[in-house]
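Please read this note with the sequence and the model side by side.

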Amino acid sequence: MFVICLRTLNPGNMKRYLTILRFYLFSPFIHYYLALSACIVLIASLSSCDNLSKGRYKYQSESLYWLQFRGPNASGIAPENADPPVHFNADTNLLWKTEIIPGWSSPCIVNDRIFLTGFDDSDSLLYTVAFNRENGEVLWRDSVSPLDFYDLHPINGYANPTVASDGERIFSVFPGFGVVAYSLTGARDWEYKFKSVSRIRWGGASSPVVLDSLLILDISYFEDPRILALDCETGDTAWTIRAQDHRWGSILCRATPVLWNDLIILHHSNEIIAYNLQNGTPEWWLSTLTSSVGTPVIKDDMLYVNTWTNMGEKSLQGKFVPFIDLVSEVDRNGNGKVERDELSDDMMVFQRPERTDAPESSMALNREWVFSGSDENGDGSLEESEWDNLWEMAFKYYGDHGMLALPIEGSGERPVTDIIWKIADDTPETPSPLVINKNVLFIKSGGIMTVVNRETGEVLHKDRVGASGSYLASPMLAGNRVYTCSYNGTVTVLSAEDFSILAHNKLKEKIGASPVAVDDVLYIRTDKHLYAFRDQ
């Protein structure tokens with residue numbers, strides 16, 4: 001896709017006119033063919049070309065604010081006039097609550113409507129549901145049948161990606177089906193079905209984003225992984241960027257793409273990569289230890305991203321014991337080997353000590369598939385060489401993950417010296433970071449909050465927010481306050497100035513979706529209800 005921006009100034013009325021001429025690259029079967037269609041858009045605005053392409057979509061007014069995961073360019077920042085309540089629960093400041101179909105997509109808000117997706121175990125259908133913002137009434141719902149089912153982590157589901165909107169229609173993405181486009185009133189406009197999901201492990205979560213009139217998807221769960229742009233109105237393929245010489249992860253990318261000028265930036269397994277949308281080529285890439293869960297955040301030409309793996313810091317890593325010491329400690333039958341039932345439950349390859357409330361949060365050495373996979377000769381026990389091989393494999397994944405700051409400007413393969421700062425300790429697995437003025441805030445399981453200076457990486461504040469357990473939802477800034485949600489259902493409200501705790505609000509339901517605030521209303525999706533809270 002080629003983009004030309006021309007800006008002229010009329011001295012008489014001091015208005016700027018922006019003319020954008022786009023030619024799209026189209027690659028159906030072999031190399032690139034140049035599409036002959038052109039689109040001329042005249043915008044009377046005081047915005048520059050740069051502002052048009054930094055994630056503030058042309059449809060985005062205050063009433064159309066929360067059109068994708070975490071709002072504008074996945075920033076997690078509510079409109080300036082947002083002033084949601086500090087204190088709330090099922091009995092306090094409750095505007096309404098509505099029972100919902102299970103799923104972890106976050107609310108998408110377009111004018112007076114809220115959109116969610118879900119998967120109903122009773123009929124095995126994938127649903128898109130529209131709610132009235134004023135009273136929570138279900139306005140319409142529609143369903144599709146999955147084309148494929150795939151392995152899920154017990155905490156995960158088949159309806160994770162958040163709905164996106166261009167202000168005129170909405171787009172529901174289901175990794176086991178594809179894309180369904182609806183009018184705001186529920187008419188099905190078009191479908192785009194995925195061909196294969198064989199690469200998915202543990203469930204997909206990358207949400208779509210809208211850039212001008214295109215729906216952008218990061219589809220890394222195909223055998224043919226790619227970035228796909230669909231025309232919002234018709235569903236036709238506008239262009240495709242396929243993986244070239246760079247590593248696309250062996251597991252699904254769960255992060256949502258972010259946009260900056262002519263770049264789309266992707267957080268993939270063991271790599272952060274920026275593609276140029278004008279020519280479809282990689283602009284730059286950085287190899288780094290990561291399982292690609294958190295969505296990056298952009299502020300002032302800097303990228304902030306939590307790179308995380310389950311063995312990326314010492315508190316997560318298991319403790320290696322030399323085989324001779326292990327045998328002397330656990331070999332009850334005296335055969336000089338180690339049987340599965342001789343290994344205790346607290347002997348780990350890796351662990352998530354702050355996520356004991358979530359299933360499969362750790363990898364114990366006595367788990368059947370771990371032990372049998374290490375028992376190379378199949379005799380039901382581990383000898384020294386098998387024990388050492390197990391740990392040699394584990395050590396390959398040991399290393400330093402971390403929250404990092406990376407300048408967006410770059411080219412080619414980038415050295416680690418491009419990283420401005422990186423903080424390994426207490427890096428969140430799932431929640432994305434939140435930029436607050438000159439600081440970056442992030443929160444990990446256990447309710448451990450860290451605040452750093454975003455220019456220097458200096459840790460300014462670290463504390464527990466008083467709500468333990470797992471954290472899946474990303475924090476949100478609204479009304480000069482930070483809203484964080486624990487998986488166990490506690491919403492902690494913090495001051496965005498000194499990060500003191502203002503309130504703990506217990507909903508007593510599981511929370512995996514990120515909160516949303518528009519005007520003076522806070523919207524929270526749990527595993528059972530969609531809540532709306534407002535000061536009464």
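The points below move from the whole chain to its strands, its cores and its cavities.

1. Basis of the note. This is a predicted model, in which local features need pLDDT of at least 70 and side-chain atom pairs count only at pLDDT 80 or more, while totals for chains, interfaces and linings use all residues. Residues are numbered from 1 along each chain as its sequence is written, and side-chain values use heavy atoms, with hydrogens and water left out.

2. Overall composition. The protein chain has 4 helices and 40 strands; helices (H or I, at least four residues) and strands (E, at least two) are DSSP runs, numbered from the N terminus. Of its 536 residues, 59% are buried, where buried means under 20% relative accessible area, exposed over 50%, and partly exposed in between (1.4 Å probe, protein chains only). Among contacts with a separation of 6 or more, 55% are between residues 24 or more positions apart; a contact means heavy atoms within 4.5 Å.

3. Strand β15 and its partners. In strand β15 (residues 226-231), 5 of the 6 residues are buried, so the strand is largely enclosed by the rest of the structure. Strand β14 (residues 214-219) runs antiparallel to β15 and is joined to it by 6 bridges; two strands pair if DSSP finds at least two bridges between them. L215 has L230 in β15 as its bridge partner. The hairpin of β15 and β16 has 5 residues between the strands, and G235 in the turn has a positive phi of about 85 degrees.

4. An open sheet. Five strands, in the order β17-β18-β19-β20-β28, form an open sheet with mixed pairing. Because β17 (258-260) and β28 (412-413) stand at the edges with a single partner strand each, one side of each is left without a neighbour in the sheet. Strand β20 (residues 282-287) pairs with β28 in the parallel sense over 2 bridges.

5. Residue W285. W285 stands opposite E413 in β28. Its C-alpha atom is separated by 7.7 Å from that of S411, although the two residues are 126 residues apart along the chain.

6. Nonpolar cores. The largest nonpolar core has 37 residues, and F88, Y483, V491, L522, Y523 and I524 have the most contacts inside it. Such a core is a set of buried Ala, Val, Leu, Ile, Met, Phe, Trp, Tyr and Cys residues joined through side-chain atoms within 4.5 Å. Strands that each supply at least two residues of this core include β6 (113-120), β7 (125-132) and β39 (521-525). Leaving aside neighbours within four places in sequence, L522 is in contact with residues including P84, F88, Y483 and F533. Another core, of 20 residues, lies apart from the largest one and has V330, L343, V349 and M363 among its members.

7. Cavities. The structure holds 4 cavities of 30 Å³ or more. A cavity is a set of points, on a 1 Å grid over the protein atoms alone, where a 1.4 Å probe fits but cannot get out; lining residues have an atom within 4 Å of a point. The largest cavity has a volume of about 110 Å³, volume being the space filled by probe spheres set on the points, which are joined across faces, edges and corners. Its lining includes W308, R352, E354 and K444.

Terms used: On a 1 Å grid over the protein atoms alone, a cavity is a set of points where a 1.4 Å probe fits but cannot get out, and a pocket is an open set with protein on both sides within 12 Å along at least five of seven lines; lining residues have an atom within 4 Å of a point.
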